[in-house]
Amino acid sequence: MRVLGIDPGLTRCGVGVVEGVPGRPCKLIAYYVVYTEPDDDIALRLLHLDRSLADLVAEHRPESVAVERVFSQHNVRTVMGTAQASAVAILAGSRARLPVQTYTPSEVKAAVTGSGTAGKSQVTAMVTRLLGLDAPPRPADAADALALAICHIWRGGTRDRIQAAAVAAASRSRRAAIARLPGGKR
């Protein structure tokens, strides 16, 4: 499974592309940080982010997209920019008709480090180790995006397979119930 992880931000938006399957080591494909200038008009910043993410989705052809879920911050101005960038990230996956999953920061930290309260340095260290990198991905936004992709492969991939199995079982059960009806008709 190839996943594009996005750590949304208006000034710095981390993007990481990882391949893997649950329970196995993941492989780094690429990572980026999309930058916008804080003094630029918000519309231009969002448009630049939208185009950049669309280009990365087209280039890397992921099977799904994982985006960090916006959480409440004390700085309203920061959370607004993050929420806007998050919406653009979700739309990038949706436009490409890809499944998009959001994860809270604590879900990502727990998946990658084993602790939902791990610090940024711990997440970066574990991403470096898990992907077998010679040096930590910089800036931290890139490491966070890679952590999101790893989290989705390990947690979301399993969740997707469980959901698909449940749908298949329900479908088989429904067909079996129809077959038991007189004449096997609906």
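The model is a prediction in which local features need pLDDT of at least 70 and side-chain atom pairs count only at pLDDT 80 or more, whereas totals for chains, interfaces and linings use all residues. Residues are numbered from 1 along each chain as its sequence is written, and side-chain values use heavy atoms, with hydrogens and water left out.

The protein has five helices and five strands, taken as DSSP runs numbered from the N terminus (helices, H or I, at least four residues; strands, E, at least two). Along the sequence these elements follow the pattern β-β-β-α-β-α-β-α-α-α. Of the 186 residues, 40% count as buried, where buried means under 20% relative accessible area, exposed means over 50%, and partly exposed lies in between (1.4 Å probe, protein chains only). The accessible surface comes to about 10,300 Å², of which 54% belongs to carbon and sulfur atoms; these areas come from the Shrake-Rupley method with a 1.4 Å probe, and for residues only the protein chains shown count as cover. Among contacts (heavy atoms within 4.5 Å) with a separation of 6 or more, 62% involve residues 24 or more positions apart.

The five strands form an open sheet of mixed pairing in the order S3-S2-S1-S4-S5, two strands being counted as paired if DSSP finds at least two bridges between them. Strand S3 (27–35) and strand S5 (100–103) stand at the edges with a single partner strand each, so one side of each is left without a neighbour in the sheet. From one strand to the next, the twist averages 20°. Strand S1 (residues 2–7) pairs with strand S2 (residues 12–19) in the antiparallel sense over six bridges, and within this region Arg 2 stands opposite Glu 19 in S2. Helix H2 (residues 76–95) packs on the sheet, where H2 touches S1, strand S4 (64–68) and S5, and the direction of H2 makes about 170° with that of S4. Such angles run from 0 to 180 degrees between N-to-C directions, with axes fitted as lines to C-alpha atoms, for helices over the stretch in contact.

The largest nonpolar core has 20 residues, and those with the most contacts inside it are Val 18, Val 108, Val 127, Leu 131 and Ile 150. A nonpolar core is here a set of buried Ala, Val, Leu, Ile, Met, Phe, Trp, Tyr and Cys residues joined through side-chain atoms within 4.5 Å. Two or more residues of this core come from each of helix H3 (105–113), helix H4 (120–130) and helix H5 (140–180), with H5 giving the most, seven residues. A second, separate core of 17 residues includes Ile 6, Val 17, Leu 53 and Val 57. Leu 131 touches Val 18, Cys 26, Lys 27, Leu 28, Leu 146 and Ile 150, not counting residues up to four places away in sequence.

In H4, Val 123, Thr 124, Val 127 and Thr 128 are buried. These residues cover an arc of only 135° around the axis, which puts them on the same side of H4; the arc is that of the directions from the helix axis to the C-beta atoms. On the other side of H4, Ser 121 and Arg 129 are exposed. Thr 113, found in helix H3, is partly exposed, with a relative accessible area of 25%. Thr 113 touches Ala 118, Gln 122, Val 123 and Met 126, not counting residues up to four places away in sequence.
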